[in-house]
Amino acid sequence: MAGSPRSRSRGNVTVLPSGSLRVRVYAGKDPLTGRANYLTETVKPGSKAAAEAERVRTRLQRQVDERLNPVTRATVNQLMDRYLEVVDVEPSTKARYEQLIRVHIRPAMGVLPLTKVDASLIDRFYAQLRACRERCTGRGHQRHRTTQPHECDERCRVKECRPLSASSIRGVHWVLSAALGYAVRWQWMTHNPTDSVKAPSPARSKPSPPTPTEAARLIKEAWKDEDWGAFVWTAMTTGARRGELCALQRQELELDAAALSIRTGLKRVGGRLVRRDTKTHQQRRVALDTETAQVLQAVVERQDAEAPSSG
C-alpha cells in the first residue's frame with residue numbers, strides 16, 4: 001500500500017511501495033476534459049531521494065509558472081479531431097487528409113496520449129508502412145472466406161503485404177507534422193517530434209511523354225472530333241492541366257495577343273465539378289504559338305456559329 005503523501009505547497013511527494021518517491025504538481029484544468037491536470041515524476045529510492053524529490057517539485061512548479069508544460073493529456077485522436085476542425089485547405093485536400101488520418105494515423109497511434117508520441121515512435125510507424133500498409137508482422141494477412149467458425153480451404157488465402165507508397169507516407173508525415181505543430185501552438189505539447197524526423201524521400205519522377213510520331217498519331221485520331229482535337233492540341237502545346245483547360249472561359253482567351261490567362265481549374269468535389277484555384281494557387285499567362293492561336297480562333301468562331309440566335 002502506498003504511503004500517505006507528504007503535503008507541500010503547490011505539490012506533494014508520495015512514497016510508493018517500492019520506496020520510490022512520486023512527485024506531483026497541479027498544472028491547472030484540462031481544457032478538453034475539465035479535469036485536474038498534474039505533472040508527475042518518479043524519483044528512485046536512496047539516501048538523497050527526498051532532496052532530489054524537492055528539486056523535482058521545484059522544477060515542475062517552474063514549468064507550470066513559465067507555461068512550459070502541456071496543458072492537456074489529449075490523445076492523438078483528440079488532436080486529429082481538433083486539427084480537422086481548424087485546418088483551412090481545399091475540400092479535396094481536406095478529404096485526402098481525412099482519409100490518411102482514418103486509414104493510417106488513428107489505427108496506429110490514435111489512443112496514445114500526445115506525451116507518448118516521440119521521434120522514435122514516428123520513425124517506427126513509417127518503417128511499418130514501408131513494409132506493409134496494414135502494418136502486419138511481415139508474414140501477410142490471412143483472409144478467411146467467412147467470419148463464422150469454419151474449416152479453412154482454398155478460399156481462405158494469405159494476402160501478401162503491400163508497402164505504402166513513398167508519396168502516401170509523405171502525405172501522412174505532412175498531416176502529422178501540421179497537426180502536432182498546432183498542438184505546440186495550443187500548448188498541448190512542448191515541442192513537435194516530427195522536427196526530429198526525416199520526411200520520406202519522394203519517389204523519382206519517371207515521365208514517359210509520347211514521341212513526336214506518337215503525338216502526331218494522337219492528334220490525328222483526336223481531330224476526328226474538332227472540339228476534342230482542339231483540346232488535345234492545346235494541352236500538348238501549352239502544357240496546361242486538363243482541369244485548367246476545362247475551366248477556361250471566353251474572356252480568358254486573348255487571341256489578338258496570342259495568349260491565354262489561366263486563373264482557375266475544375267475539380268470534382270463531392271461528385272460534382274466546381275471551379276477552384278489552380279493546383280499551385282497561382283494565375284499565369286501562357287503565350288500561344290501561331291498554330292494554337294488559329295486552332296482556338298476556329299473553336300470560338302464555330303461556337304458563335306452554332307449558338308442559337310437571340311432574335
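In which helix is L296 found? I located L296 in helix α9, residues 290-306. Helices here are DSSP runs of H or I with at least four residues, numbered from the N terminus.

Ground rules first. This is a predicted model, where local features need pLDDT of at least 70, side-chain atom pairs count only at pLDDT 80 or more, and totals for chains, interfaces and linings use all residues. Residues are numbered from 1 along each chain as its sequence is written, and side-chain values use heavy atoms, with hydrogens and water left out.

Entry: L296. Is L296 buried or exposed? L296 is buried, because its relative accessible area is 10% and buried means under 20% (exposed is over 50%, partly exposed in between; 1.4 Å probe, protein chains only). I listed its contacts, meaning heavy atoms within 4.5 Å. Leaving out residues up to four places away in sequence, L296 touches T234, L253, L255, L260 and L288. I also checked S92, 204 residues from L296 along the chain; the two C-alpha atoms are separated by 31 Å.

Entry: α7 and α9. Helix α7 covers residues 226-238 and packs on α9 at about 150°, with the axes 10 Å apart. That makes the pair roughly antiparallel, a label for angles over 145 degrees. Axes are lines fitted to C-alpha atoms over the stretch in contact, and angles run from 0 to 180 degrees between N-to-C directions. On the α7 side I found E226, D227, A230, W233, T234 and T237; on the α9 side, E291, T292, V295, L296, V299 and R302. By class, this contact has five nonpolar, three polar and four charged residues. Ala, Val, Leu, Ile, Met, Phe, Trp, Tyr, Cys and Pro count as nonpolar, Asp, Glu, Lys and Arg as charged, and the others, Gly among them, as polar.

Entry: α2 and α5. These helices pack at about 90°, again with axes 10 Å apart. So α2 is roughly perpendicular to α5, the label for 65 to 115 degrees. The contact takes L79, M80, Y83 and V86 from α2, and V175, L176, A178, A179, L180, Y182 and A183 from α5. It divides into 11 nonpolar, no polar and no charged residues.

Entry: the cores. A nonpolar core is a set of buried Ala, Val, Leu, Ile, Met, Phe, Trp, Tyr and Cys residues joined through side-chain atoms within 4.5 Å. The largest has 29 residues, and I105, L114, Y126 and L176 touch the most other members. Helix α5 gives the most, with seven residues. Another core, of 12 residues, lies apart and includes L21, V23, V43 and L60.

Notes:
Helices (H or I, at least four residues) and strands (E, at least two) are DSSP runs, numbered from the N terminus. Angles under 35 degrees count as roughly parallel, over 145 as roughly antiparallel, 65 to 115 as roughly perpendicular and the rest as oblique.
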